[in-house]
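Let's take a walk through this structure, one stretch at a time. Have the sequence handy as you go.

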Amino acid sequence: MSSTSTGTGAVVSKENSSISSTHENEIEDDKDEKKKPSSPSAEETTKRGERFSRIDNCCWFIGCVCSIGLLLLCLYIAVPASYPQYVAEAITGPLPGVKLHDEGLVAKHPVVFVPGIITGGLELWEGHSCADGLFRKRFWGGTFGEILKRPLCWVEHMSLNNETGLDPDGIRLRPVSGLVAADYFAPGYFVWANLIENLARIGYEEKTMYMAAYDWRISFQNTEVRDQTLSRIKSNIELMVATNGGEKVVVIPHSMGVLYFLHFMKWVEAPAPMGGGGGSDWCAKHIKAVMNIGGPFLGVPKAVSGLFSSEAKDIAVLRAIAPGILDKTLFRLPLQHVMRMIRTWDSTMSMLPKGGDTIWGGPDWSPEESYYCNLKNPKSNSFQDVDQDGTAAEECTVKKTRYGRMISFGKDAADAHPSEIQQTDFRDAFKGHLENSTCDDVWTEYNDLGFAGIKAVADYKVYTAGSVIDLLHFVAPKMMKRGDAHFSHGIAENLDDPLYDHYKYWSNPLETKLPNAPDMEIFSMYGVGKPTERSYIYKLTPTRECYIPFQIDTSAESGKEEEGSCLKGGVYTADGDETVPVLSAGYMCAKAWRGKTRFNPSGIRTYNREYDHAPPSNLLEGRGTQSGAHVDIMGNFALIEDVIRVAAGATGEEIGGDQVYSDIFKWSEKIKLKL
């Protein structure tokens, strides 16, 4: 018994010893395995290789970019400063200033530049706490960094008082002075810089060039009330004439600056206190020529869409590409904020269409109705061209475009015969009210229109140049009340009526006379060959609080049977410089001022100088040396050469007289205006 137990115990002991030994061996094996590095699988090796390969490639790429950049910088420092000019001239030809200097032209007449809307810089002299640290920094023109950093603060400071049209309390933005005010709009984006450089090539310098900078936001007469800008222009011109041997000045306005200088010429002759007291012969004594560039003499349809819905063709296209984006933000700003700001700028109302249906056309006619977008491929049906009095003109092979309908609600209304349009008059329509408790800061006057007023606007269907003024009075009465005090958009029946001695008429060429200066010359210089906004198709948008209820209908397009109608994205285009239609830029010099007329009693000689647009042929041309676009034309070699020749003493006849590519003379004959 004991022996058996002992034997069994021995067996168990041996088994336990064996198990213990085996377990110890396993533990030792595990320890050895942990000490040994695990060999990576093929998949892990591949992934690791790819990761390091990508890092290597990135490092190589960054190294190459840095090396190339450093090499280019060394080359830029090493080569002569004039080398880029040599390259550019080899492709585009010599700069106009260099060419004319070689011909022997030298500076003669002092030159005055009058910038237009948008292009002149504005700097901060006083502001609210959100603008701390920005004293004398540019709030307009330059880098525009402040728009992105503090957009609502920027809007607050760029806006004017909605009652007076002047500075809000505690805010003062003032125009930058000197040639730097508008030589560049932003770094690398020239406005006057090319013209200034080329004038310098024949001997001009700062004492013989003057930038008549002004605050382009406020009304023309208020630039004198607030800043005495008109008096400063008068004094500077008198000084330049006196210090340059009595040589008269050549004035070069651009865009809205054309209207501003038209106002100045009446202001300087008018007696004080409303005018400058210079006398009826001041312009004759001091001005040789006025060379207007891209002048919106008769306004621009673009101003209508801008004030009506805060959009134009470009904004409408962006809406189509990214629906809803611009309804929420533009430079991180709601579009309603942009509308509120623009509607405080009284100057924008100077560019509303002038002359009504007499100039721009009615529901069934327009001067440019035979214009065809694609002259190389005429496919449209023929129609009988009709003047505004119903007289049949020549037979055309182009489908008729009803440009006279400046705003149409729906493409059907834009195309329909006038007898088929059922209009409900909006002028006396009931105005409801949309609660605006949550949107006081983006108030646009549409909240006071209400659903009933908004519907009444759409039910009128079609608006011509005459009725769009009434439309704006209906949808933006406060804005138009200020505008009516400073601008007029009609046609004078009797220019000798004392009524027209008031400054509100001075920037409208159809309600004022040119100066008594028979030796002076007036040029209208503008681009052609660029599709330019002429009329619009609108639609209603979902109406809710704090919302712009009208929008260009980007779905409206020309059909195959109406290819010549120039309709794209809800916008009808005609010939022009992309901003100002030919009709507005060219009519006054082509007809209304041509010879002795009631608008030009002294017979000042006028010339139309058109520049047919050609896009840049290569990158070294930049924005193009043959551009006809509204701002890029300032770098057009042919235009610069014309300006330099006149500044150096040439007359309009000596530079070739009229230079016309469009149908401006033909279109002008269709306008039945008493001359």
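Strand 9 (residues 287–293) is mostly covered, with seven of its seven residues buried. Here "buried" means under 20% relative accessible area, "exposed" is over 50%, and "partly exposed" is in between (1.4 Å probe, protein chains only). Helices (H or I, at least four residues) and strands (E, at least two) are DSSP runs, numbered from the N terminus. Keep in mind that this is a predicted model, where local features need pLDDT of at least 70, side-chain atom pairs count only at pLDDT 80 or more, and totals for chains, interfaces and linings use all residues. Residues are numbered from 1 along each chain as its sequence is written, and side-chain values use heavy atoms, leaving out hydrogens and water.

So who are the neighbours of strand 9? It runs parallel to strand 8 (residues 249–253), joined by three bridges; two strands count as paired if DSSP finds at least two bridges between them.

Now hop over to strand 2 (residues 122–126). Strand 2 pairs with strand 3 (residues 138–140) in the antiparallel sense, over two bridges, and with strand 4 (residues 172–175), also antiparallel, over four bridges. Look at glutamate 123: its bridge partner in strand 3 is arginine 138, while in strand 4 glutamate 123 stands opposite arginine 174.

Last stop: phenylalanine 61, which sits in helix 2 (residues 42–78). Phenylalanine 61 is exposed, with a relative accessible area of 57%.
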